[in-house]
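Here are some notes for a first look at this structure. Please read them with the model open beside the text.

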Amino acid sequence: MSPRAGKSGPHTLAFVESPVQLLNVLEWAHVHDRRGPAEPMPAVPSQVRRSVSGIPAPGAELTIVVLSPTDPMTRGQLRRMADLARDEGHRVRWEEARGGTTAPFQTIGGLAGSLRRADRVVMGDPFSRYVQLLLTITRARDLVVVDDGTATMEFVAQLARGERLVRWHRKGGRPGARDLLFAPVSSSARRRLTPSDRRRVEVFSSMPMTDTPQGVTVTANDFGWTRARFGPPRITKGADMVGTSLVETGVVDGDRYLEAVQTLAKAHGATRYFAHRRESTEKLHRLAAETGLEIVRPDLPLELIARRGPIGRTILSFPSTVVHTLPLALVGTGVRVAVCDIDPTWLTQNASPRAQGFLSGVTGTAKDVHRLATVTSPA
């Protein structure tokens, strides 16, 4: 039996759909254990807390529910992260949540009892329709949102403004039929994620927060668990590049992206390209053939890969989550993270009107990174 599994006491149920979400649940649990027992309801409208040392929360029990996607790359990383979670003493429940037309109904039905008994619910993606459906069932007084990358910034801003929950790269478009059908559930989820005298809401994040919703507690994620568990890494002399799924989400044109990668790699002597788990195989084959970069498909989130090493002395990235997380995971190692802005001419015609401003904000709010001039694509 795992160290925590036999304890009685407050029960926390966490829902994750990606490896990064699971990593950040582990980071949250690490901070929670250091911080000590649950604190009383905050008396001030909103506050920002930093993790502090304390007595481990007595009897705290964490069950992590993996709502497994179908993508093989994501599933593989989730399997590895689930093993790490078990090593930490947490229960992991793997749900084939998308394994057929009846799978969602079976998954939600099977989780209903646990949701009603949970004292706290932790979630990695409040935009997820799956998670929003699950929120309509829970009676938990404590709700925690952990980072799902840069989307957390948009979630907090939308919650503060009282807007409907829409992913940043879709904002500005007209709601589809499924959006309209799901609107009552989404509205209910937004209400439940709004603090009240009956419910506390915490956001656990390494992202900068410009508009903090009233009553929401923001706890800083400094990647303390990652640094304690892995590394320090061996540093190589060269540069590595981090891939992005902006092409796959329809934000950036594929040809322009390839040209930018080629120009950036040549200018900085990059030799490896760490692929995002959502990047298409076709695009990666083309990148390898036309740039000469070694394509690496990580088996864990990049924060763990970089901390484990070996890693280049310079890490090149376009605007993404890693420009915020890698400096924290690699603090004190001497590794430099350099970010290149997205040129407006790279955007597709279907890109959200908010895309350029959001991506610029991701770069502009990043700390401890070196900003590169936007590369000019070859004529």
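1. The model is a predicted one.

2. The crossing of α8 past α9 is right-handed. On the α8 side, D255, Y257, L258, V261 and Q262 make the contact; α9 contributes K283, R286, L287, E290 and T291. By type, the residues of this contact are four nonpolar, two polar and four charged.

3. The largest nonpolar core has 47 residues, and L22 and I64 have the most contacts inside it. The element that gives the most to this core is helix α1, residues 19-35, with seven residues.

4. Which residues does L22 touch, leaving aside those up to four places away in sequence? They are V16, I64, V66, L78, M81, A82 and A85.

5. Another core, of 32 residues, lies apart from the largest one. Its members include I108, A118, M123 and V218.

6. S206 sits in the loop between β7 (200-205) and β8 (217-220). Is S206 buried or exposed? It counts as buried, because its relative accessibility is 14% and the cut-off is under 20%. Not counting residues up to four places away in sequence, S206 touches D147, N221, F223, H324, T325 and L328.

Key:
Residues numbered from 1 in each chain as written. Predicted model: local features only at pLDDT ≥ 70, side-chain atom pairs only at ≥ 80, totals over all residues. Heavy atoms only, no water. Core = buried A, V, L, I, M, F, W, Y, C linked by side-chain atoms within 4.5 Å. Buried < 20%, exposed > 50% of the residue type's maximum accessible area, 1.4 Å probe, protein only. Helix = DSSP H or I, 4+ residues; strand = E, 2+ residues; numbered from the N terminus. Contact = heavy atoms within 4.5 Å. Left-handed = near helix turned anticlockwise from the far one by under 90°. Nonpolar A, V, L, I, M, F, W, Y, C, P; charged D, E, K, R; others polar.
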